[in-house]
Amino acid sequence: MRDFSVLINQVSKNYGDVKAIENISFSVKKNELYGLIGPDGSGKTTIFRILTTLLLPNTGRATVEGFDVVKDYKAIRKISGYMPGRFSLYHDLSVEENLQFYATIFGTTIQENYDLIKDIYIQIEPFKNRKAGKLSGGMKQKLALSCALIHKPKVLFLDEPTTGVDAVSRKEFWEMLKNLQQRGITIIVSTPYMDEAALCDKVALLQKGKILSIDEPEKIVQQYEYPLYQVISDDMYSLIADLNDYPDVISAHRFGDVIHFATNQEVKNETIHGFLADKGHQHIEFKKITPDIEDCFMALMKNEN
Amino acid sequence: MKTNSENIIIKVENLVKKFGDFVANDNLCFNVDEGEIFGFLGANGAGKTTAIKILCGLSAPTSGNVEVAGYDVYKQTEKVKKNIGYMSQKFSLYENLTIKENIRFFAGIYGLSGNVIKERMNELLESLQITHLKDTLISSLPLGWKQKLAFSIAIFHKPKIVFLDEPTGGVDPITRRQFWNMIYETARSGITVFVTTHYMDEAEYCDRVSIMVDGRIDALDTPSVLKKTYDAKNMDEVFLKLARG
């Protein structure tokens, strides 16, 4: 048990009749980068609020660094950093004032732990006198992360830090997380972006308050049970509908400029070319591919329904 | 691609918007064609929101000519507003009104008559297969449903253009694709779709894509030409190359 930073066992939470999460269990090892992957309404935020002691579970038990989330909430608050989904800083305080404020609350100073936040804070330091409310999305995110880190937490909880953030800032953010992990911090991060799952050591895929799957991202991909192909033709719009008419079809989904096509059994190149040519498609490209997390997530969603 | 001027639905010439010394939109020039799906991409803070506010008639440019649906954004803002629809992830529907009430409310704002509202509402409820849910509060619907409904309501008054500001944020991957099917159908019906997104795979679904960097449009073309121009295997790479400089 000593190797674990976070343990959550059979935890459920209802809001009135609404079951936000149901029998959630998972464990996060020390210094792991753990991802909670799922769309809005899958229960990610409820899990964070329970682990950060802001919400009581209806049933089940959870511990953070050995402390119980109900009994030992004070101890947990001292050792956790939490970046909630909504921008949590004071808009009418400056960048520096916000940081100062969070440092003071935790009984420390900016100087004492500056080393930990330096790489991140240095990027917004030129704007330290600007009001937090006037920052751009990417800068707000860096400030919020700095504030969550200023007391040198053992565990960092990040609730959708990259939602609404552009592709470039998202990449930079994940580079920052990898660096923080190297400083020995355990990180639990949630995201609706499926591509970010691959950047985690381990992930829990969540949908409607339940866990669809838990594993290392590579293993989740290996468990995908169908042959999967990438298909292109000159008429991408009809291609999805036509592939859905194929006798062995499991699914056909658009992925950027290609279609991912899953089938019951292996499909021969000639067979699919003939099938699509009969339907009027030209310039057909067809090849087998390995699935990504989004393929797996959609397959698991379907099984669940 | 249609380029003759009769089919241009959004015309932007030398658009500049300044806030004090800060140049949020730096001489933007682009056209959007009727029935096109136009992807409007850019990093946070690049100036997208400023430009969208101008195109929606909510903010006047500092200089430049901008026409939306044939109307001038300086003088004819009310006409602009009547001819567009708008939906974003942040603002969509009133949570404490029912589906029916939301439809009636938004349709009423756009001045549709009671009979037209009734008729179109029935069509809409049927096509989304939610007739039985019409008296349900929006707050009790799953997000995916809300977003699909919000989109349908944004085009309920049959605008010439619909602006979608990050419409699919946080939506599950299957619903996200269903949402894009609705976008295709809308464009096929002749309504122009102007859409922003942070999902780079969605950039591939647009007819043309513009990418804003520091207040300027640094690239504008079809996804396939952009990929060739920037020697990139997907739009994610194009975006990274441009936005990281």
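Predicted model: local features only at pLDDT ≥ 70, side-chain atom pairs only at ≥ 80, totals over all residues.
Student: Let's start with chain A. How many helices and strands does chain A have?

Tutor: Chain A has 10 helices and 14 strands.

Student: And what does the C-alpha trace of chain A span along its principal axes?

Tutor: The trace spans about 70 × 45 × 35 Å.

Student: What percentage of the residues of chain A count as buried?

Tutor: The figure is 43%, out of 305 residues.

Student: What about contacts in chain A with a separation of 6 or more: what share comes from residues 24 or more positions apart?

Tutor: Such pairs account for 70% of those contacts in chain A.

Student: Which domains is chain A divided into?

Tutor: Domain 1 of chain A is 4-221, and domain 2 of chain A is 225-304. Taken over C-alpha atoms, the centres of the two are separated by 37 Å.

Student: How many residues does each domain of chain A put into their contact?

Tutor: Domain 1 of chain A puts in 10 residues, and domain 2 of chain A puts in 10 residues.

Student: On the domain 1 side, which elements each supply at least two residues?

Tutor: In chain A they are β9 (202-207), β10 (210-215) and α7 (217-222). Helix α7(A) gives the most to that side, with 3 residues.

Student: And what is that side of domain 1 of chain A like by class?

Tutor: By class, it has 8 nonpolar, 2 polar and no charged residues.

Student: Single residue now. Where is D248(A)?

Tutor: D248(A) sits in the loop between α8 (236-244) and β12 (249-255) of chain A.

Student: Why does D248(A) count as partly exposed?

Tutor: D248(A) counts as partly exposed because it has 14 C-beta neighbours inside 10 Å.

Student: Which residues is D248(A) in contact with, leaving aside neighbours within four places in sequence?

Tutor: Those residues are T263(A), N264(A), Q265(A) and V267(A).

Student: On to chain B. Which domains is chain B divided into?

Tutor: Domain 1 of chain B is 5-83 + 159-244, written as two stretches, and domain 2 of chain B is 96-155. Their C-alpha centres lie 26 Å apart.

Student: How many residues are in contact between those two?

Tutor: There are 12 residues of domain 1 of chain B in contact with 8 residues of domain 2 of chain B. On the domain 1 side, helix α6 (residues 173-188) of chain B gives the most, with 4 residues. By class, that side of domain 1 of chain B has 7 nonpolar, 3 polar and 2 charged residues.

Student: Now helices. How do the axes of α3 (residues 99-109) and α4 (residues 114-127) of chain B cross?

Tutor: The axes of α3 and α4 of chain B come within 11 Å and cross at roughly 135°. That angle makes α3(B) oblique to α4(B). An angle over 145 degrees would have counted as roughly antiparallel.

Student: Is the crossing of α3(B) and α4(B) left-handed or right-handed?

Tutor: The crossing of α3(B) and α4(B) is right-handed.

Student: Which residues meet there?

Tutor: From α3(B), K100(B), I103(B), R104(B) and A107(B) meet I117(B), M121(B) and L124(B) of α4(B). The residues of this contact divide into 5 nonpolar, no polar and 2 charged.

Student: What about C29(B), where is that?

Tutor: C29(B) is in strand β2 (residues 22-33) of chain B. With 14 C-beta neighbours inside 10 Å, C29(B) counts as partly exposed. Apart from its neighbours within four places in sequence, C29(B) is in contact with V12(B), E13(B) and N14(B). C29(B) and K11(B) are 18 residues apart in sequence, and their C-alpha atoms are 8.0 Å apart in space.

Student: Last topic, the two chains together. How many residues does the contact take from each chain?

Tutor: The contact takes 27 residues from chain B and 26 residues from chain A.

Student: Which elements of chain B give two or more residues to that side?

Tutor: They are α6, α7 (200-203) and α9 (235-244) of chain B. The largest share, 6 residues, comes from α9(B).

Student: And how do the residues on that side of chain B divide?

Tutor: They divide into 14 nonpolar, 6 polar and 7 charged.

Notes
Residues numbered from 1 in each chain as written. Chains lettered and ligands numbered in written order. Domains from an automatic or database assignment. Contact = placed C-beta atoms within 7 Å. Nonpolar A, V, L, I, M, F, W, Y, C, P; charged D, E, K, R; others polar. Axes fitted to C-alpha atoms, helices over the stretch in contact; angles between N-to-C directions. Parallel < 35°, antiparallel > 145°, perpendicular 65-115°, else oblique. Left-handed = near helix turned anticlockwise from the far one by under 90°. Buried ≥ 20, exposed ≤ 12 C-beta atoms within 10 Å, placed from the backbone.
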